[in-house]
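Morning, everyone. Please bring up the structure on your screens, and we will walk through some helix pairs and then a pocket.

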Amino acid sequence: MERSIDRRNTVLEMDRWKFYWLTHRYHDIANPISSQGLDVIVEALRPPAGGRVLDIASGKAEVLCRLSERYGVSGVGVDWSPFFCGEATQNIRSRGLADKIVIHQMDGKDFRATDSSFEVTMCLGATWVFGGLRGTLKQLSQWTRPGGAVVVGEPFWTAEPPAEYLESESISRDDYSDHAGNVAAGESLGLDLVFTVASNADDWDRYYSPTWLAAYDYIRDHPDDADNTEIARLTEHARSVYLKHGRNCLNWAIYVFRKPSGHAA
Ligand SMILES: C[S@@+](CC[C@H](N)C(=O)[O-])C[C@H]1O[C@@H](n2cnc3c(N)ncnc32)[C@H](O)[C@@H]1O
């Protein structure tokens, strides 16, 4: 098995898309936000009927489906995982949205929009695609029509992270900002923050716990899978780091910015 590097530079001794697929089998939304929290964001966005929405790192297309069901908008989703794209396509078909939403399986950084007329552009939980929060806001803003929404999901520090945590996650203190710093990143690009929903400890537990359950269920149900030792190692590492440190110093929020009318990105 070729070694695989994930976004945090963790070396995986197995296919990373397989690992993320099997640990997120029980999720519709692969982020620490509740279903109700996501509905609050969907209600706030209010794109006009007939509008277009772009979601980079669209996962199982749950957000695109909810927006299309609520407002009749059409959507473009981009995700690199063949597993998530397959599940997204099933989700879209089962909800009768195949004529509304299209999914491209590719690296988000290689996506090229043919125009910049999207009412809403999003990247929830994958700002590494464009080199971080600022790069993501800048790129999404270029694809958004004046007056439209640029929506990002991003972690933020709630306390100083211990060195042991940074080391075990292969991240640096400067990889993330605090809550106000995330807002300032958008404002520095001329965007106005119009809405935000931050996660709570319950949201985090409900995000992480099903990943552990899904991993251990997978190992139990596929006893001959050659990746089981690595699946257990990665899961135990993620669980202990979250319980010891992540839960105490890192939070996550969705930020809805508006691109002012007449704004040149
Ligand atoms: C934390 S999940 C978020 C998924 C989705 N936005 C949601 O909220 O359910 C991160 C997603 O990013 C995708 N991804 C990772 N690297 C990517 C890349 N370079 N280009 C496109 N998608 C990527 C993964 O396959 C996964 O679906």
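First, a term. When I say two residues are in contact, I mean that they have heavy atoms within 4.5 Å. One caution as well: this is a predicted model.

Let's start with α2 and α3. Which residues of α2 meet α3? On the α2 side they are Ser35, Leu38, Asp39, Val42, Glu43 and Leu45. On the α3 side, look for Val63, Arg66, Leu67, Arg70 and Tyr71. Sort that contact by class and you get six nonpolar, one polar and four charged residues. Now the geometry. The two axes come within 10 Å and cross at roughly 50°. Angles of 35 to 65 degrees fall between roughly parallel and roughly perpendicular, so α2 and α3 count as oblique to each other. The crossing is right-handed.

Next pair: α5, residues 133-142, and α7, residues 179-187. Here the axes come within 9 Å, and the crossing angle is roughly 40°. This crossing is right-handed. The contact list is brief. Leu133, Arg134 and Leu137 come from α5, and they meet Asn182, Ala185 and Gly186 of α7. That makes three nonpolar, two polar and one charged.

On to α8 and α9. How do these two helices run relative to each other, roughly parallel or roughly antiparallel? Their axes come within 10 Å and cross at roughly 160°. An angle over 145 degrees counts as roughly antiparallel, and α8 and α9 are therefore roughly antiparallel. Their crossing is left-handed. From α8, they include Trp204, Tyr208, Trp212 and Tyr216. From α9, they include Ile231, Thr235, Arg239 and Leu243. By class, the contact has 12 nonpolar, two polar and four charged residues.

Last stop: the second largest pocket. It holds about 250 Å³ of space. Its lining has 15 residues. Which of them lie nearest the centre? Ile29, Ile33, Ser34, Ser35 and Arg206 do. Two elements give two or more residues to this lining: α2, residues 35-45, and α8, residues 201-221. The biggest share comes from α8, with four residues. The lining divides into six nonpolar, five polar and four charged residues.

One link before we stop. Find Ser35 again. It lies among the residues nearest the pocket centre, and it is also one of the α2 residues that meet α3.

That's my tour. Over to you.

Key
Residues numbered from 1 in each chain as written. Predicted model: local features only at pLDDT ≥ 70, side-chain atom pairs only at ≥ 80, totals over all residues. Heavy atoms only, no water. 1 Å grid on protein atoms, 1.4 Å probe; cavity = no way out; pocket = protein on both sides within 12 Å on 5 of 7 lines; lining within 4 Å. Points joined across faces, edges and corners; volume = space filled by probe spheres on them. Nonpolar A, V, L, I, M, F, W, Y, C, P; charged D, E, K, R; others polar. Axes fitted to C-alpha atoms, helices over the stretch in contact; angles between N-to-C directions. Parallel < 35°, antiparallel > 145°, perpendicular 65-115°, else oblique. Left-handed = near helix turned anticlockwise from the far one by under 90°.
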